[in-house]
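User: Hello! I am new to this structure and would like to learn how to read it. Could you walk me through a few features?

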Amino acid sequence: MLKEKGFYRGINLGGWLSQCDYSEERLNHFITEPDFEKIASWGLDHVRIPIDYNVLENEDGSFDESGFARVEKALEFAKKYGLKAIIDLHKTAGFSFDEGEQETGFFDNDKYQERFYRLWEELAKHFGKDTENVAFELLNEVTEQRFSDTWNRISRECIKRIRAYAPDTLILLGSYWNNSPEAVKDLEKPYDDKVIYNFHCYSPMEFTHQGAPWVKNLTDTKTNFEDMDITPEFFEKLFAEAMETARNNGTSLYCGEYGVIDRATPEDALKWFKVINSVFEKYKIARAAWSYKEMDFGLSDSRMDGVREELIKYL
């Protein structure tokens, strides 16, 4: 479905409107119009735009129109260069995939959940009419399995509310364990035929996150591609149950994040992208690489200059 809609090969604009210091310098200058032009020149068809709730809301939960204006401008830039866009709510009041954000309580707090619904209603009012160019992603990386049933309830109610304003917008929905493909099986059947199952893939973590200080129980040892058994069969086995669940429930899959940390060599990163891309292409899985710039995974960073021309063929 996503390929036909033009959301097939994309890239994340991480660290711009999320996971940042929220300074005017960052929000105004980290990503600018020429970046959209460059992404289009790479032959990609869409961008995933992670956005934290506090860019769109004030502390009391009222809406910050300057934040919505930033999203509007991003969508204008995307459209100008023939790119579609996914609005990804990367953090909501009371929940973040990153423990360091100290956002807690969302899954146990009706007020936080109502705030989440209201924010998505407002996003739908603002951006839900452009169904050809804009898709929604409800929430980035639910963490714990114990949230699964509650998340199914919350997501169903949220989609119901979105549909009052955006009846035809594509909606991406991920599961627990940080959008793990193994957790897709526990998502409820899609609310309607415009809901797509979403997963992330950084497997094997020992390679893609080598040396990452934020990952628990991961050694700082450098890992070469040749040291790992990273084959098409590895990813096919990893995705098999998610693909079957999607087929059985009448929907398709989207990989919203995948990539290799900058502690791996560019040459090794290229090898990993080639392998995972072969599986994406074989099974027509739409995707967006993490990430366009910096954020420890930047594909536009100067260190990737020697392999980028080849690598972008495998995004």
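User: Let us begin with helix α11. Which residues of α11 are buried?

Analyst: Buried means under 20% relative accessible area, exposed over 50%, and partly exposed in between (1.4 Å probe, protein chains only). Helices (H or I, at least four residues) and strands (E, at least two) are DSSP runs, numbered from the N terminus. In α11, the buried residues are Pro266, Asp268, Ala269, Leu270, Trp272, Phe273, Val275, Ile276, Asn277, Val279 and Phe280. Their cover includes β7, α9 (205-208), α10, β8, β9 (286-289) and α12 (308-311), where contact means heavy atoms within 4.5 Å.

User: What should I know about the model itself?

Analyst: This is a predicted model, in which local features need pLDDT of at least 70 and side-chain atom pairs count only at pLDDT 80 or more, while totals for chains, interfaces and linings use all residues. Residues are numbered from 1 along each chain as its sequence is written, and side-chain values use heavy atoms, with hydrogens and water left out.

User: How do I read a nonpolar core, and which residues touch the most other members of the largest one?

Analyst: A nonpolar core is a set of buried Ala, Val, Leu, Ile, Met, Phe, Trp, Tyr and Cys residues joined through side-chain atoms within 4.5 Å. The largest here has 92 residues, and Phe116 and Phe239 touch the most other members. Helix α11 (residues 266-283) gives the most to this core, with eight residues. Another core, of 11 residues, lies apart from it and includes Leu2 and Ala135.

User: How can I check the length of a helix, and what does α10 show?

Analyst: The expected span is 1.5 Å times one less than the number of residues. Helix α10 (residues 232-248) has 17 residues and should span 24 Å; its end C-alpha atoms are 23 Å apart, which agrees. Yet α10 bends by about 45° at Phe239; the bend is the angle between axes fitted to the seven residues ending there and the seven starting there. Phe239 is also among the buried residues of α10, and these pack against β7 (195-201), β8 (253-258) and α11.

User: How do I describe two packed helices, and how do α6 and α7 cross?

Analyst: Two packed helices are described by the angle between their axes and the distance between the axes. Axes are lines fitted to C-alpha atoms, for helices over the stretch in contact, and angles run from 0 to 180 degrees between N-to-C directions. The axes of α6 (residues 110-127) and α7 (residues 148-163) come within 9 Å and cross at roughly 35°. Residues of α6 including Phe116 and Trp120 meet residues of α7 including Trp151 and Ile154.

User: What about backbone angles: which residues have a positive phi although they are not glycine?

Analyst: Most residues other than glycine have a negative phi, and most peptide bonds are trans. Asn179 has a positive phi of about 65° and lies in helix α8. At 0% relative accessibility, Asn179 counts as buried. Lys284, with a positive phi of about 55°, sits in the loop between α11 and β9 and is partly exposed, at 47% relative accessible area.

User: And where are cis peptide bonds found?

Analyst: One runs from Ser203 to Pro204, with omega near -15°, and Pro204 is in the loop between β7 and α9. Another joins Trp290 and Ser291, with omega about 0°; Ser291 lies in the loop between β9 and α12.
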